[in-house]
Number of protein chains: 2
Amino acid sequence: MTFSEPELRTFTEEIFLAMGCSNAHAHLAADVLLRADMRGIDSHGVARLSGYVRLWEKKRINTTPDIKIVHETPTTATVDGDAGLGLVVAPFAMQVAMEKAAQYGSGWVAIRNSNHFGIAGYHALLAVEKDMIGYTMTNASPLVAPTFSNERMLGTNPICYAFPAGKYPPVVVDMATSAAANGKLEIAQRAGKPVPEGWIQDKSGNFTTDPHALKTGGSLLPLGSDREHGSHKGFGLSATVDILSAVLSGANYGPWVPPFVSFLDPPDDPVGLGIGHFLGAMRVDGFRPIDEFKANMDNWIHRFKSAQPINANQPVIIPGEPELEAEIERKKNGIPLVNAVVKDLNVLAERFGIEKLM
Amino acid sequence: MTFSEPELRTFTEEIFLAMGCSNAHAHLAADVLLRADMRGIDSHGVARLSGYVRLWEKKRINTTPDIKIVHETPTTATVDGDAGLGLVVAPFAMQVAMEKAAQYGSGWVAIRNSNHFGIAGYHALLAVEKDMIGYTMTNASPLVAPTFSNERMLGTNPICYAFPAGKYPPVVVDMATSAAANGKLEIAQRAGKPVPEGWIQDKSGNFTTDPHALKTGGSLLPLGSDREHGSHKGFGLSATVDILSAVLSGANYGPWVPPFVSFLDPPDDPVGLGIGHFLGAMRVDGFRPIDEFKANMDNWIHRFKSAQPINANQPVIIPGEPELEAEIERKKNGIPLVNAVVKDLNVLAERFGIEKLM
């Protein structure tokens, strides 16, 4: 079934309002989720709404948070999200980073006591709108094992860099630091199809193609898959995300990160508050005039798009292109949702007494 | 053959002095190279000295550079290296970043018109000594093809993050963004051994295990190796390094990066000046008290070292541990050099009339 963006947006806002969010927060949280759906990242869009509701029901999400700066210098800050939705905590923190960058050239904010913040790209693109470079990351529920281990110690810990360009759209590198994002696994699970070797290991630490292996003690593998192909690099990147997001901010790190799902309780020996993010912004014109930078970005993009392809009908893809194409297509044709998601959303509608999707 | 650190250091300083470097620059450049040898990163140590000499002979390295800031805000700067050794340009720029960080919380420097800067970890660890987080990267001669391409468009473009800890040594993530660093390829070439599938492709874009495939039009693969295993992420990271190091600074990017080897001429249509780096420093106490951070880093390290191992005798390796172990071992036993490197260094000794290694 396909829905228009405004229809899903209104629906989502109403759910957040029913949970007790302010108008501004409901609007913002819906904007972050809808942007994911529009950009084709279905795993991070309205499909996740019922997950937020269930965490709120368990009192693990605070819909009237007092989000505030608890420590700062001219260009750095730590923000406490007061257990709020990451969907509103992260834009608050990004605003702080951008104000610091506007004044001093750059701004960097570590965030503790937050929750899932949606797609990393949303927050990084806020900076791009101001001709800044955006840099965002978050830690997440432990699903990934470090190289040489079969214990789930890290989340899929995404990193995003976004760069403004001139006539071309921005370059947006938005990537999980695991070999495969959890969303891809869920697609294979629904389709009942095996996954490629190198995505998951079973509980003994052997490669498996069973997409359900996480349910029997398996774990996701870091980018690089095994030591020989550089999984220690994927682990190093994921560790970096964990340290910047949580050790620096005072959030939970590693295996102590609270699970996103309401049926798993957070560890009872927390090492910090909630989950952590790390966001930053740098003014491009802190380094060189913006027009020069954009002209060179355009040349960079043009040259990489023209790189010799292995197959003539599959040119090089510039980071961010697929998401932009989805955005254009879905603006025209609407957002497709699988039946399970529609059903799930209509259960929420019923629970809160708002109009169902049809 | 094995040499003591002071012996190789004196030798290296004398070579740089003979090339016309100032005392201070010769001392610094030797320090960067020797640190690589001590840390077991042989491909970036004195083995590279003759390469610098040959580039200097071709007038592609300026040993009396006027390194200066050409653009800045309180926390950002662009440095022009005046075609100097990256080994001295990068420490200059890191000093700028650290001074800005000391005053404003963070400092970020893009560098153009530079050359190979040695190991990324050297520069990042300068920040750690001041209880800052160090962040360093550089672009490099094109050897890596983007996903879906068989054209060499990017260098092995390393990224390094270094974090101070308390009772444990710093965590240092220092990694090429390709599946394998060029140094590992050289080891296989010397040994005449095949490399694992996923490191290189031949000129048609097929995986090959031939370590010499770069000589016949092949290319290195990004971290992730192929699309299915996330090579687009390795490409995205490498693109990020290229953009921050060169598009932001005004250096050459992508296929325009000048080759490190003197027998290949730089492209005759440069898009910038020399090669580029990007360096940064953030004060830890810009986010939380340093003692709290260090205590949590120690707990992070302890927990990850204790992660359940797949094989009991291979525990999880914390990023930076192998390099530190090499440093301890080589301090005791000296630096081993293969015969070809010793011969190469003694050719330099003869050329400059300084005492040979024996």
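In what order do the strands of the open sheet of chain A run? The order is E2-E3-E4-E11-E5-E6-E7, seven strands with mixed pairing. The model described here is predicted.

- Strand E2 (68-72) and strand E7 (171-175) of chain A are the edge strands, each pairing on one side only.
- On average, neighbouring strands of this sheet are turned by 15° against each other, direction ignored.
- Strand E5 (residues 132-138) and strand E6 (residues 159-163) of chain A pair in the antiparallel sense over four bridges.
- In E6(A), Ile159(A) stands opposite Met137(A).
- Helix H7 (residues 231-247) of chain A packs on the sheet and touches strands E4, E5, E6 and E11 of chain A.
- The direction of this helix makes about 90° with that of E11(A).

**Relation of the two copies**
- The same surface serves both copies, as 100% of the contact residues of chain B recur in chain A.

**The contact between the chains**
- Chain A gives 69 residues to the contact, and chain B gives 69 residues.
- Among the elements of chain B that give two or more residues to the side touching chain A are strand E3 (76-80), helix H7 (231-247) and helix H8 (290-305).
- That side of chain B consists of 36 nonpolar, 27 polar and six charged residues.

Methods
Residues are numbered from 1 along each chain as its sequence is written. Chains are lettered from A and ligands numbered from 1 in the order in which they are written. This is a predicted model: local features need pLDDT of at least 70, side-chain atom pairs count only at pLDDT 80 or more; totals for chains, interfaces and linings use all residues. Two residues are in contact if their C-beta atoms, placed from the backbone, lie within 7 Å. Ala, Val, Leu, Ile, Met, Phe, Trp, Tyr, Cys and Pro count as nonpolar, Asp, Glu, Lys and Arg as charged, and the others, Gly among them, as polar. Two strands pair if DSSP finds at least two bridges between them. Axes are lines fitted to C-alpha atoms, for helices over the stretch in contact, and angles run from 0 to 180 degrees between N-to-C directions.
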